[in-house]
Structures are given as C-alpha cells and as structure tokens.
Amino acid sequence: AKDAGGTRIQFFSAEMSIETKNRMALELDLRDALERDEFVLHYQPRIRLGDDMACGVEALIRWNHPTKGLIPPNAFIPIAEATGLICKIGSWVLRQACADIQLLVERIGIDLVLSVNVSPVQLKSPTLCSDVRHALEASGMKASDLELELTESGLIEDTDTSHQLLRELCDIGVRLAIDDFGTGYAGIAYLRQYPIDVVKLDRSFLGPSSGTDSTMDFIKAVTEMCHSLGMRVVAEGVEDSNMLQQLVRSSCDEAQGYLFAQPMPLSRLDDFIIDRQAS
Ligand code: C2E
Ligand code: CA
Ligand code: CA
Ligand code: CA
C-alpha cells in the first residue's frame, strides 16, 4: 500500500510539472494575444419566459490560439486574473461587445440587453469605470442596455475601492447582475447593500439532482425573495424542457442554456434573434 502511495505521488508531481509548463507557455502567449487580435466573442441569447423572445445576450470570450485552436475561457481567464492581464482583456471585451451588439440592434431593430462578465480583479481596478464609459460612448449604446455580471466573491471582498466602484457604475446607469448565484459562501445580506438588478441562478442548481421537489421549492423561494427585493431572476444552463416548465412555474423571469442556443459567433446571432421574434 505504501508503494502504491509513493507511485501515486510521483505520478502526481510529473503531472503537475507538465501542467506548470503548459501554464507558463500559455501565460507567455497570453501577453501578445490582444495585440495579435486572437480573442473572439461568442454570444449566448437570453430568453424571456413571459413571451419566449430573446431579450438579451451574454458575451463569452474565446481565445483563437495560433497553434492550439479555440481555447475556452476557463483555461485562460484564471491565468489572466493571476497576471493582471484580465484588466486589458476585460476592457477589450467591453468595447468589442458594445460595438457588436449596438450595431446589431440598430440593424435588426430589436432591443437587446448586453451582459458582460466582469472579473473580481477588474472590480479592484481604477480603470473599470472609464472602460465602461468609453465602451458606451464609442458604440453609442445606452448605459441601461449594458449589464455587468459580477460574482459573489467579487462583491464580498468589500474593499473601499470596490464599494466606491459599484456606486460609480450605478451612477453611469448600467445594470448589475450577480453571476453564479448560490455557489459562494456569502450570506445574502449583500443583495440589499448593493443596487443589484438581476440574479443569475447557477447551473449547479439545475444540475444532476435538479428537478426534484426540494430543488424546485428552493428555486421558488429564492425567486420570491429576489422579486420582493425588486430583482429579476435568470436561470443559467437550462438544457431540457422539463426544467424549463418548472422554472416557469417558479416564476423565474428569464432563462439561458443549450435548450435555446449555445454561445454562437456574432455572424449567426442576428438570424437567431430574428427567428425567435417571429415564432
Ligand atoms: P459563466 O459566466 O457562468 O457563463 C456560462 C457558461 O456556461 C458558459 O461557458 C456557457 O457556454 C455555459 N453554458 C451555457 N448554457 C449552458 C448549458 O445549457 N449547459 C452547460 N453545461 N453549459 C452552458 P464558457 O463560455 O465556457 O465560459 C465559462 C466561464 O468563463 C464563464 O462562466 C465566465 O465565468 C468566464 N468568462 C467567459 N467570458 C468571460 C469574459 O469576457 N470575462 C471574464 N472575466 N470571464 C469570462
Ligand atoms: Ca456570466
Ligand atoms: Ca454563471
Ligand atoms: Ca462561472
């Protein structure tokens, strides 16, 4: 048994060094990725459960790596956060997404709210507010059409800077959403402390054990609480119509997930939005 343990430790450390090497290589490449224009945004529609129409889209970044192909955000956002590169990348995302969606809205004449993910690291950055202002000005998008998705961990690290930053963002007039709600260990007191417009229920609520009575009771209770605080509720990661029906019964406001659409390149987004409007 001791032998097996020893072997496992060796194996494990070999794995780690490969991982470390990969990570270092990615980190080096990541520094030039912005200049080389290697990032792309995909958009996932958000559906309003009242009338089944697409009422918004979430911008989701991918890295089009020259040799490794399309890299998903979970493989490089943590590196970008650790190195601070996330602030420049986040600034690019804001500009690009606002420009993309404002043009689309003007072209097809259908209103959409744009959601952009904001890392906790950006919440500590003094440039976030000016990044938001510039993205709005350059694109011509109304502040109220832009929603910033923040995570619980970003909010409860309640430094003076982040507190003031949120206030400034509110003054600009953008909407604020809590992403991945229910995955953190935060109490929910902060929901009253900040002017939050939207709560996004994490996919893990709707995961394997989902659809059970207790899960649905829970979602119902959370939704009622959010509504009483004046917030709307969006379910993430909705994959089947059973779940959708239960969300409708729980008075959930909007849903997003593979059942409706996967994140897609901008070039395919207009057709989806228009078809959804017509049906
Ligand atoms: P997130 O903000 O929670 O985004 C939702 C993730 O769930 C996306 O993964 C989306 O493709 C995926 N998803 C949507 N519907 C379904 C479904 O029905 N089933 C399943 N299994 N998954 C679904 P993605 O695009 O890989 O993004 C992962 C995470 O990376 C995001 O999680 C977000 O935290 C982060 N991220 C993405 N883009 C950005 C960005 O521009 N800035 C920052 N800071 N983070 C980003
Ligand atoms: Ca999100
Ligand atoms: Ca989420
Ligand atoms: Ca997430």
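**Note on the calcium sites and helix packing**

1. Along the sequence, the residues that donate to the calcium ion (ligand 2) follow the spacing E-x58-N-x31-E-x29-D. N117 belongs to strand β4 (residues 113–117) and D179 to strand β6 (residues 175–181), so this pair ties together parts that are 62 residues apart in sequence. The model is a predicted one, and the points below should be read with that in mind.

2. The donor atoms at the calcium ion (ligand 2) are OE of E58, OD1 of N117, OE of E149 and OD of D179. Their distances run from 2.1 to 2.3 Å. Water is not among the atoms, so the site may look incomplete.

3. N117 has a relative accessibility of 29% and counts as partly exposed. D179 has a relative accessible area of 7% and is buried; the cut-off for buried is under 20%, which is why the two residues carry separate labels.

4. D180 deserves a check of its backbone. This residue is in strand β6, and its phi is near 55°, a positive value in a residue other than glycine. Most residues other than glycine have a negative phi. By accessibility D180 is partly exposed, at a relative accessible area of 26%.

5. D52 is another non-glycine residue with a positive phi, here near 70°. D52 sits in the loop between β1 (39–48) and β2 (54–65). Its relative accessible area is 37%, and D52 is thus classed as partly exposed.

6. Turning to the helices, α3 (residues 86–108) packs against α4 (residues 128–139) at an angle of about 25°, and the axes are 9 Å apart. That angle makes α3 roughly parallel to α4, because angles under 35 degrees are counted in that class. The crossing of α3 and α4 is right-handed.

7. On the α3 side, this contact is formed by C87, S91, L94, R95, C98, A99 and Q102. On the α4 side the residues are L128, D131, V132, H134, A135, A138 and S139. Sorted by class, the contact of α3 with α4 contains eight nonpolar, four polar and two charged residues.

8. Helix α4 also meets helix α6 (residues 160–172): their axes come within 9 Å and cross at roughly 15°. α4 is therefore roughly parallel to α6. This crossing, too, is right-handed.

9. Which residues make the contact between α4 and α6? From α4 they are L128, C129, V132, R133 and L136, and from α6 they are L165, E168, L169 and I172. The class count for the contact of α4 with α6 is seven nonpolar, no polar and two charged residues. L128 and V132 of α4 take part in the contact with α3 and also in the contact with α6.

Methods. Residues numbered from 1 in each chain as written. Chains lettered and ligands numbered in written order. Predicted model: local features only at pLDDT ≥ 70, side-chain atom pairs only at ≥ 80, totals over all residues. Heavy atoms only, no water. Donors = N, O, S within 2.8 Å, 3.2 Å for Na, K, Ca; no water. Helix = DSSP H or I, 4+ residues; strand = E, 2+ residues; numbered from the N terminus. Buried < 20%, exposed > 50% of the residue type's maximum accessible area, 1.4 Å probe, protein only. Axes fitted to C-alpha atoms, helices over the stretch in contact; angles between N-to-C directions. Parallel < 35°, antiparallel > 145°, perpendicular 65-115°, else oblique. Left-handed = near helix turned anticlockwise from the far one by under 90°. Contact = heavy atoms within 4.5 Å. Nonpolar A, V, L, I, M, F, W, Y, C, P; charged D, E, K, R; others polar.
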